[in-house]
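Have the structure open as you read.

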Amino acid sequence: MYTEKVMDHFSNPRNVGEIENADGVGEVGNASCGDIMKIFLKVEDGIIKDVKFKTFGCGAAIATSSMVTEMAIGKTLDEALVLTNQAVAEALDGLPPAKMHCSNLAADALHEAIKDYKEKHGNAA
Amino acid sequence: MKKIYMDNNATTAVKPEVLEAMLPFFREQFGNPSSVHWAGRMVSGAIENARAQVASLLNCSAAEVVFLSCGSEGDNYAIKGTCDVLKDKGNHIITTAVEHPAVLETCQYLETQGFEVTYLGVDGNGSLDLAELEAAITDKTILISVMWANNETGNIFPIEEIGEIAKKHKVRFHTDAVQAAGKLPIDVRKANVDMAVISGHKIGAPKGIGAMYLKRGTRIGKFMHGGHQERNRRAGTHNVAGIVGLGVACELASQNMERDYAYVRKLRDKLETGILETIPEVKLNGHPNADLRLPNTLNISFNYIEGESLLLFFDMKGIAASSGSACTSGSLEPSHVMGAMGVDVVLAHSSTRFSLSADNSEEEIDYVLAELPPIVQRLRDMSPLYQRESEVPVKCDECRMVKQACNSYAD
């Protein structure tokens with residue numbers, strides 16, 4: 001049911017954990033759906049230097065979280081803001097249709113973290 | 001990689017003796033049992049023999065056994081067939097909130113056809129309140145439908161007591177005995193049951209065969225039109241090999257139940273105690289008194305972890321189990337059984353069922369007990385709910401919209 005890439009990111013998720021004193025933190029999802037994703041950012045000169053995640057959710061939720069961290073590192077905040085859930089799913093060679101909603105929120109979590117960063121840092125970046 | 005199968009409430013392997021008994025009916029004994037010639041005569045005896053074997057497991061007469069294609073068909077037939085013939089008497093059905101979807105969705109369908117349904121709730125242990133059941137009976141009640149044992153928790157319902165209540169109020173009583181048959185002694189006479197449904201593939205027969213006990217004199221509509229089979233009740237050429245397989249599986253169950261399930265119970269108890277003692281923040285789902293649960297079933301929630309992730313990690317170690325999480329139920333909502341028991345939504349998503357059989361070994365239990373704790377810890381370390389200080393967001397309006405969209409898509 002899952003692609004090889006999904007299973008790879010699920011079984012060996014990249015960038016799991018928290019960033020102490022993160023520059024931005026974003027969380028989306030809820031317990032009813034069974035998916036909650038939290039993203040931590042380290043930002044330097046408008047560029048995402050590090051991303052870490054913590055996720056409660058199914059295989060797709062963990063794989064998309066892992067994938068979005070890889071896609072976001074090294075990007076400017078503006079570049080990261082145009083990353084979509086769809087793009088994350090495509091980078092994983094697709095997700096089963098039932099997973100496209102609750103389990104595909106990783107880009108939203110990233111955007112929330114960037115929003116949090118901008119609020120804390122006065123949109124200057 | 002090891003292959004450890006602990007999902008026997010979902011389905012079981014066909015027993016070698018069952019398969020052996022079936023094979024001739026794909027080869028030389030291929031006839032249609034309704035035919036008068038030699039080919040038909042060769043197989044009609046086999047069907048009646050199997051009927052007697054099923055009857056013996058349920059303690060009824062062979063004439064009271066109706067062969068069907070599966071448990072879901074049996075539940076559909078028992079309920080809709082009752083409504084067909086008793087609709088002039090009343091339009092009220094009593095069932096429980098924790099039934100298998102074959103019962104629940106049939107009742108929901110009947111609600112759209114003018115029937116009224118009482119869905120009895122359960123307490124935190126998953127138990128029914130029999131006083132509430134009795135109080136729900138009205139002069140319009142035509143059917144009580146309560147499962148013998150629950151597929152998710154293994155909880156055993158007090159079928160004999162419910163049978164007494166049904167008899168006292170002269171209400172027909174149907175029980176979905178799919179999970180109980182072969183694991184517990186089933187005596188439909190003693191329990192005052194009018195209809196009981198069993199399924200072959202849960203007891204070592206193949207998929208695609210089931211049976212219903214229909215008490216002598218119980219009127220019921222036709223389920224399938226177009227043939228005289230099963231005393232005009234269920235049209236369709238008999239699934240001869242499947243019926244033979246079901247018969248043998250029932251006979252084996254009658255012979256081996258006591259020995260097999262004493263052994264399975266020992267394994268289940270070891271798994272249960274092992275998990276409860278070694279992994280913190282877990283919750284047993286179902287009755288705390290293990291005597292009130294099927295001897296093979298353990299349902300446990302590993303807090304802070306979503307069930308599908310857990311199953312996938314188990315799967316990488318060769319362990320096959322199942323979960324009540326939304327992702328594995330295919331419904332975007334966690335298990336309705338956990339919901340009815342008032343289990344916290346995160347715990348419902350993390351509910352995991354191990355259902356054993358006599359094919360499991362003590363070594364397998366040791367293996368699972370060794371592999372589980374690191375998997376659980378790894379997923380907890382990944383979870384934003386573990387050791388969390390702030391509140392957990394619960395509601396999702398978007399989900400409801402998506403669910404509606406998915407449902408209309410599925411139809």
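## A strand between two partners

Let's start with strand β9 (residues 282–284) of chain B, which pairs with β10(B) in the antiparallel sense over 3 bridges. Pairing here calls for at least two DSSP bridges between two strands, and helices (H or I, at least four residues) and strands (E, at least two) are DSSP runs numbered from the N terminus. Within β10(B), S301(B) is the bridge partner of K283(B). Strand β13 (residues 351–355) of chain B also runs antiparallel to β10(B), joined by 5 bridges, and there R353(B) stands opposite N299(B).

This is a predicted model, where local features need pLDDT of at least 70 and side-chain atom pairs count only at pLDDT 80 or more, while totals for chains, interfaces and linings use all residues. Residues are numbered from 1 along each chain as its sequence is written, with chains lettered from A and ligands numbered from 1 in the order in which they are written.

## How enclosed is β10(B)?

Strand β10 (residues 297–302) of chain B has 6 of its 6 residues buried, so the rest of the structure largely encloses it. Buried means 20 or more other C-beta atoms within 10 Å of a residue's own; exposed means 12 or fewer, partly exposed is in between, and C-beta atoms are placed from the backbone.

In a regular strand, side chains alternate between the two faces of the sheet. Here T297(B), N299(B) and S301(B) point one way, L298(B), I300(B) and F302(B) the other, and all are buried.

## One face of α4(B)

Now for helix α4 (residues 101–111) of chain B, whose buried residues are A102(B), V103(B), T106(B), C107(B) and L110(B). Down the axis of α4(B) they fall within an arc of 125° (taken from the directions from the helix axis to the C-beta atoms), so they line one face of the helix. They pack against α3 (71–86), β3 (92–96), β4 (116–120), β5 (141–145) and β6 (172–176) of chain B; contact means C-beta atoms, placed from the backbone, within 7 Å.

## The chain as a whole

Chain B holds 14 helices and 13 strands, and 50% of its 411 residues are buried. Its C-alpha trace spans about 75 × 50 × 40 Å along the principal axes. Among contacts between residues at least 6 apart in sequence, 72% in chain B join residues at least 24 apart.

Note on methods. Two residues are in contact if their C-beta atoms, placed from the backbone, lie within 7 Å.
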